[in-house]
Amino acid sequence: MSAENEPSDTIVAISTPPGAGGIGVIRMSGPRSLEILRQIFQPHDPSCSLRSHQLYYGHILAPNTTTEKNKIVDEVLAVFMRSPKTYTREDVVEIHGHGNFLLLQSILELLLRYPVRLAEPGEFTKRAFLNGRLDLTQAEAVIDLLSARTRKGIDMAQGQLSGRLYERVDAIRQALVYMRAIVEVAIDFPDEDIEIINYDELIQQLESMVMAPLATLLRQGHQGRILREGITVVIAGLPNVGKSSLLNTILQEERALVTAIAGTTRDTIEEYVDIEGIPVRIVDTAGIRDTTEEIEELGIQRAKEQMGQADLVLFMIDLVKGISTADHELFASIQHKPVILVANKMDLLSGETPDLGAFRQHALALVVISAKEQQGISELKQAIFKVVVESKEQWEEDGCAPNLRHQDALTRAYTASGQALKGLQTKTTCDLLAIDIQECVAELDAIVGVTTTEDILDLIFQQFCLGK
Ligand SMILES: Nc1nc2c(ncn2[C@@H]2O[C@H](COP(=O)(O)OP(=O)(O)OP(=O)(O)O)[C@@H](O)[C@H]2O)c(=O)[nH]1
Ligand SMILES: [Mg+2]
């Protein structure tokens with residue numbers, strides 16, 4: 001990370017998304033920010049001195065050329081923030097204009113006439129990282145925070161942004177550094193009579209302070225994947241069992257057509273919903289049956305494709321009609337998938353619930369609902385949540401969720417610590433022990449960004465949007 005001590009250039013971008021909005025923000029970072037702001041911004045009180053971290057009202061003026069004579073480009077609020085108390089730790093300027101993208105672009109073009117260049121995606125956050133304001137896990141949390149689709153996803157990103165993952169990884173790292181120091185002392189004094197290393201104590205420390213917390217972090221990676229990527233839940237079943245009614249009830253809007261005619265839904269219909277904090281892509285499908293009708297047949301093909309791709313299938317049956325051979329056939333075709341059995345139309349049921357024995361055995365859960373009367377829906381949501389996260393206790397343990405990159409490094413660190421453990425158990429030589437411990441430290445360093453190659457940094461920051 002050579003950039004740390006080099007003077008950097010000044011970068012600029014529109015930081016608010018394209019489209020109309022109340023305000024739009026342009027952000028500039030680098031040593032020339034203030035000087036450039038002064039060129040194009042005229043404060044309402046021209047004698048004021050643009051003090052740091054103070055918002056000034058004024059106008060953006062186009063330069064004095066023959067065609068544009070001090071033309072007002074926009075009425076804005078502008079702020080200059082002096083390094084280091086800024087997002088990037090460099091001098092930063094923000095211009096808050098009207099939220100019209102063309103207008104913001106005119107201001108941007110104006111700025112680009114000065115010694116400033118367009119920022120790459122994520123470059124502001126990259127600078128915050130390179131200048132030591134954020135560690136790499138915190139910078140990655142910014143991406144998660146911007147793209148989170150549920151409240152739980154936001155909580156997780158905020159936990160990571162506040163440094164929770166960093167602290168957990170760093171605690172493991174500290175333990176390793178301590179062990180490495182002991183082992184290195186032993187290397188330096190090979191002839192001492194006293195045994196410098198207490199093998200049992202080191203084994204105990206390695207297991208409790210390194211391997212166990214690494215294993216916990218790896219388990220939590222599973223929850224991170226779910227919160228970042230979400231899951232696909234497909235509603236499937238015979239025609240008329242109430243699939244579209246369930247979609248509408250979950251969405252709380254009349255999204256899909258519902259009629260008493262079997263074969264109403266033709267194409268698949270998908271929407272995103274938040275189910276107990278998990279981002280869920282929910283797909284309503286055409287009822288499966290033998291048909292000679294061409295459009296319906298195409299819909300049924302699509303339904304089958306969706307079932308194949310689902311993380312979870314909600315297999316729906318009509319309690320009034322009971323279970324038919326067609327239900328059995330369809331159920332058999334999806335048995336390799338995680339399935340929740342959803343028994344619908346409970347409102348019409350007066351007598352006994354039909355025997356769902358065989359189905360019940362192969363499904364992960366059975367939920368009885370009325371899609372029409374909105375009964376049993378929260379039980380269904382909880383069943384979905386439970387199936388997806390496996391264990392609720394583990395889920396709520398800590399709002400800390402390693403992403404794929406972290407998981408890769410954690411896995412390698414776990415393997416290296418396993419090697420070190422074996423070495424300690426067999427009282428191997430101290431230089432070999434030191435190598436395994438160091439390998440483990442290096443993996444943890446890469447997670448927090450102490451040693452991360454330029455290529456990996458590029459990959460991470462490319463995921464950002466412009467202006468962040
Ligand atoms: N009483 C009652 N009727 C329901 C319930 N759910 C759905 N229905 C009715 O059952 C009929 C079929 O509902 P849909 O939601 O269109 O069923 P579907 O499974 O999407 O049907 P296809 O799209 O044809 O495969 C409609 O007349 C609904 O009003 C329920 O819980 N109770
Ligand atoms: Mg339907």
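Strand β8 (residues 231-237) runs parallel to strand β11, joined by 5 bridges. Two strands count as paired if DSSP finds at least two bridges between them. Val234 has Val313 of β11 as its bridge partner. Helices (H or I, at least four residues) and strands (E, at least two) are DSSP runs, numbered from the N terminus. The model is predicted: local features need pLDDT of at least 70, side-chain atom pairs count only at pLDDT 80 or more, and totals for chains, interfaces and linings use all residues. Residues are numbered from 1 along each chain as its sequence is written, while chains are lettered from A and ligands numbered from 1 in the order in which they are written.

β11 also pairs with strand β12 (residues 339-344), in the parallel sense, over 6 bridges. Here Met316 stands opposite Val342 of β12. The chain passes from β11 through helix α10 (residues 325-333) to β12 in a right-handed β-α-β crossover. Right-handed means that, with the strands pointing away from the viewer, the path from the first strand over the helix to the second runs clockwise. Strand β11 (residues 312-318) has 6 of its 7 residues buried, so it is largely enclosed by the rest of the structure. A buried residue has 20 or more other C-beta atoms within 10 Å of its own, with C-beta atoms placed from the backbone.

For the protein as a whole, 37% of the 468 residues are buried. The secondary structure comprises 16 helices and 13 strands. The C-alpha trace spans about 90 × 80 × 35 Å along its principal axes.

Technical notes:
A residue is buried if 20 or more other C-beta atoms lie within 10 Å of its own, exposed if 12 or fewer, and partly exposed in between; C-beta atoms are placed from the backbone.
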